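These entries record what I looked up in the structure shown below.

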Amino acid sequence: SLASHVFALDAARVVTHKMARASRRSAVEVEQTPAVKLFVASTGWPYKPCHAPERPLLVFHGAAQTAPPSFLGKSGHVCRRYAELVCGIANPDHDNVFILDLSDVATPAEWRGELQQPGRATKSLAKWLARFNPVDATVLINGEDAGILAPVLRGSSDKWINRVVVAGQAPPKALAALNTVSISLVPQATLASLTEAFVGNGHDGQNEKCKPVDLHFVFVEFRLDVRTKQLVQTAQKITASVMQDVGPAELPPSVTEAPNVAPTPSGVSCTGLATHHLAAGMSFAGLAVQVLSSLVDGSVIRAALADVHGSIDALFPRTLQTQVVRGRFVSVTGRVISADGRLCIMGDRVDPHPGLREGYSAVRIGQRNASDHVRRYGVLLLRGDRGVLVRRDGGLQLPVAEARTHETSEQAATRAVAELCDIYEEEFVLLQDVAPAVMYDSSGERLVVTRIFAALATNPPPAGYEDEESEDEDDLYDWFPYHKIMARIPDDSMRKCVATLAEGVATAIRFGVVAPEFPCSFGPREAPKPAWTSTDLELKPAEQPAPDLLPVTVLSGFLGAGKTTLLKHILENNEGLRVAVIVNDMAEVNVDAMLVRGANVQQQPEHVVEMTNGCICCTLREDLLTGIVDLQRQQRFDYVVVESSGISEPLPVAETFTFDDRSSGTLLKDVARLDTMVTVVDGVNVLDHMASSATTASAGQAAYEGDERPMAQLHMDQIEFANVIILNKCDLLQEEQKGRVRALLRRINPDAAVYETTRSNVPLNAVLNTKRFSMTGAEAHEKWLKEAREGEHLPESEEYGIRSFPWRRHRPFHPDRLAKLLNDPDTLPPSVLRAKGLLWVATRPNFAGILSCVGRLRHFSQGQTWWAAMERDLWPEGLWEDLKPLWQEPHGDRMQEIVIIGSFDRADIEARLDALLLTDEEMQQDWSTFVDELPAWEGAAANGEHDHAH
């Protein structure tokens, strides 16, 4: 019977559910919940996530201390309470102070117990430090908490902490246990005394002290990257919320008095509703209905209820038998549940009701019965230009499932994706403002009504996904473009749902109701357009996701590539757009500004902002921020074009859009949006640029004293980070030369649109209002290991001789022979234009190395800890399943993974690299005896900081 089935439903489904997957997902979710809250207070500019930070300053907060330290502020967010201290101990030019809030790990009483007998909380702290992996950190800790460090340090072989500054009185036993680190005691823990204790630690006491309003704050979380199987940090900027003044709030009288309103029963979410308002998972009170039938079945009552709108089946406990009587009008309190996909009321309270409105009567039994048909819920999950289909019943379809007993329709749809695709719920969001599509199936005993929701993935598509056409028949799901989904789904009703939802999502994006973090172009292919000309283009003012956001295009490219020519072309063909221009020339006289003002344009730019004597990506970032904010406030411009200097790095310029204007507290992203990053490439000289060994200083283009950045690396950065690449001077190239350069650019940056031009003449909609930039994608733009880690094979077909392949070996480099690769550019042939990846060095077993080659340049830096070097109990739950394909005993996940781009003989490259590995004989020797004269891990590379010498 329906009654007995419902009451046994939860127990039965617990037994039949796929426990392995549910257990794994639950464990991972618990693992990813941050026990240690990490806040970073920064001077200069916001903290950028990094691994293995060198010599960081860590502040421990919220453990066993019984009273707040005297040097803390008395109220507000924990970051605000530390603001004065940070200003006293941090370098005003640029410094990071890491605040570790331990209050969520354990209560103060539990921490005090841990001081006597280390247990769960201490292990959680050690586990977190293993993830964060600091190198030679300085720790500021309250005296009462000093004892928690000793067991943490004893259980680690890594040099996490070098110095401990103890604020206040500490037990002698705790201090004695810290015999492996340097200890500084500050018995009277005042702001002045602590500042004095840190003199020489980056703060020399002579620079002007920063102010709290100058600080940036971020909240940092750790998560496991499902593609690379590496722990990564995500940073959320919280400066505005931390520094905002919050006063006592008063509730309005309408809320506090609320006269003549009966109290709402506990747990009830909806009142005063009718049968046609009911939905799966809804709790309600006051449903006025007539009892059409009532039957006692064991310990429950099965009933049919109705009002003027329709009817529904219901279940009540037998204790309500005297109230649930056929023909009686009642007011029901309960919940809508789902049993085998059918809606049903589970009532827990019944009150008498005077009846329906005069002249109206309840429908007859079974009429418009909400319990008659089966309801299912599914999702069309989109990412970029693709959607998800699951493999089920021998075919492909959208993920669909029935609701469980107490689930809402949205919860059921979310679970369908999580279970059928093994995609975590945190990786997508349902679009509530896009109407669901509905499909019907009458082929079975009962009519099945399926409601499909639209959803967007919260992670950007991987690099090169547009060219990936392979499928894994053994996988639960795959991503397919629109035309393939329409071809592979056999059901016509489901295809109609896909088409309806694709149009709905596109419309919502067009009107700004849905603002995806990265481009979403899922839908039918547009008919091919004829070749463009510079005169047949109609450019209209930008359609913006938010009406007041000022769109910005940033132009990058080496001197002489054609940036200024492109800027002049934009101004001469702006079709009435009011364009403001920001130019950055490294000369003492801003030549670009003079050229722009002197250009023979049909409509002069409304405003030119000059930024001279500085690099826009380092010394002038604040000027760029202020300039754009000022332009937006004037409300006179439709668009802003920024022409950066030839040696500017695009990533720091993009990061400027996450900063706030300190003069007003305005976040740049709230007033302007970065629309497109354009790089102009000199087609004639690009290969020479990549092979050049010149630096900014030797080329006479240094942005500041001591600027020695390699020009080839700068050029590569500009190409890798671009959304649009202008391959200029094509009129000076032979077809073979042009094809070779084009193929190289597409290998280096497969996501960018490439336009071949003469004199930078390009359609304006290629560089303005493209909406191609995504900050989420930009923050994770390093994707060189995608092919190696995921096994996604890029076709090896040669295009004008340019190819790429992943070199992977499970054998370490000999340090002496690897040094030859780093020091002798001829170790690899000139035909290798780009190489990047992870290295395993025999003498450095704990950390991966990172190799970056551009032309003849070599860069070697520290990467993350190999998982094999970390104790298994410190691993995230479920990691082993992901590591299995990469794991080889006895060395675990240690391996070589380098992606190489160029025109070469693959066998020759493999032979050259294989010769640098340990021989069979050396594999049996003691690797620690090998001489290691490789460069020490560089701090800038290890901690992920911007490479400029600020």
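**Entry 1: Threonine 408**

I began with the contacts of threonine 408, which touches Ala280 and Gly281, not counting residues up to four places away in sequence; contact means heavy atoms within 4.5 Å. The model is predicted, local features need pLDDT of at least 70, side-chain atom pairs count only at pLDDT 80 or more, and totals for chains, interfaces and linings use all residues. Residues are numbered from 1 along each chain as its sequence is written, and side-chain values use heavy atoms, with hydrogens and water left out.

I located threonine 408 in the loop between β18 (400-402) and α13 (409-421). Helices (H or I, at least four residues) and strands (E, at least two) are DSSP runs, numbered from the N terminus. I then asked: is threonine 408 buried, partly exposed or exposed? Threonine 408 counts as partly exposed because its relative accessibility is 23%. The cut-offs are under 20% relative accessible area for buried and over 50% for exposed, with partly exposed in between (1.4 Å probe, protein chains only). I also noted isoleucine 337, which is 71 residues from threonine 408 in sequence and 8.5 Å from it in space, C-alpha to C-alpha.

**Entry 2: The chain as a whole**

I counted 29 helices and 36 strands in the protein chain. Of its 950 residues, 52% count as buried. Among contacts between residues at least 6 apart in sequence, 74% join residues at least 24 apart.

For confidence I consulted the pLDDT, the predictor's confidence in each residue, from 0 to 100. The chain averages 77, and 76% of the residues score at least 70. Over residues 1-34 the pLDDT is below 50, and this stretch has 59 contacts in the model beyond near neighbours in sequence. Residues 586-607 also have a pLDDT below 50, with 58 contacts beyond near neighbours in sequence.

In α27 (residues 906-914) I found Ile909, Glu910 and Leu913 buried. They lie on the same side of α27 because they cover an arc of only 95 degrees around the axis, the arc being that of the directions from the helix axis to the C-beta atoms. Against what do the buried residues of α27 pack? Their partners are β32 (803-809), α25 (815-823), β33 (832-841) and β36 (896-902).

Helix α21 (residues 711-720) is mostly covered, with eight of its 10 residues buried. Among them are Met711, Leu714, His715 and Glu720.

Glutamate 922 lies in α28 (residues 920-923). I recorded glutamate 922 as buried because its relative accessible area is 13%. Leaving aside neighbours within four places in sequence, glutamate 922 is in contact with His814, Arg817, Leu917, Trp927 and Phe930.

**Entry 3: Cavities**

How many cavities of 30 Å³ or more does a search of the whole structure find? The search finds four. On a 1 Å grid over the protein atoms alone, a cavity is a set of points where a 1.4 Å probe fits but cannot get out, and lining residues have an atom within 4 Å of a point. Grid points are joined across faces, edges and corners, and a volume is the space filled by probe spheres set on the points.

The largest cavity has a volume of about 50 Å³. Its lining consists of Phe60, His61, Gln65, Pro69, Phe71, Tyr82, Leu140, Ile141, Asn142 and Ala167. The elements that give two or more residues to this lining are β2 (57-61) and β4 (137-142), and β4 gives the most, with three residues. By class, the lining has seven nonpolar, three polar and no charged residues. Ala, Val, Leu, Ile, Met, Phe, Trp, Tyr, Cys and Pro count as nonpolar, Asp, Glu, Lys and Arg as charged, and the others, Gly among them, as polar.

The second largest cavity has a volume of about 40 Å³. Pro825, Asp826, Leu828, Pro829, Pro830, Gly855, Arg856 and Arg858 line it. I noted four nonpolar, one polar and three charged residues in this lining.

**Entry 4: Backbone details**

I found a cis peptide bond between glutamate 889 and proline 890, with omega about 5 degrees. Proline 890 is in the loop between α26 (879-883) and β36.

Arginine 368, although not a glycine, has a positive phi of about 45 degrees; its place is the loop between β14 (342-352) and β15 (374-383). Serine 760, not a glycine either, has a positive phi of about 55 degrees and is found in the loop between β31 (753-756) and α23 (775-779). Serine 760 counts as buried because its relative accessibility is 0%.

Definitions and conventions: 1 Å grid on protein atoms, 1.4 Å probe; cavity = no way out; pocket = protein on both sides within 12 Å on 5 of 7 lines; lining within 4 Å.
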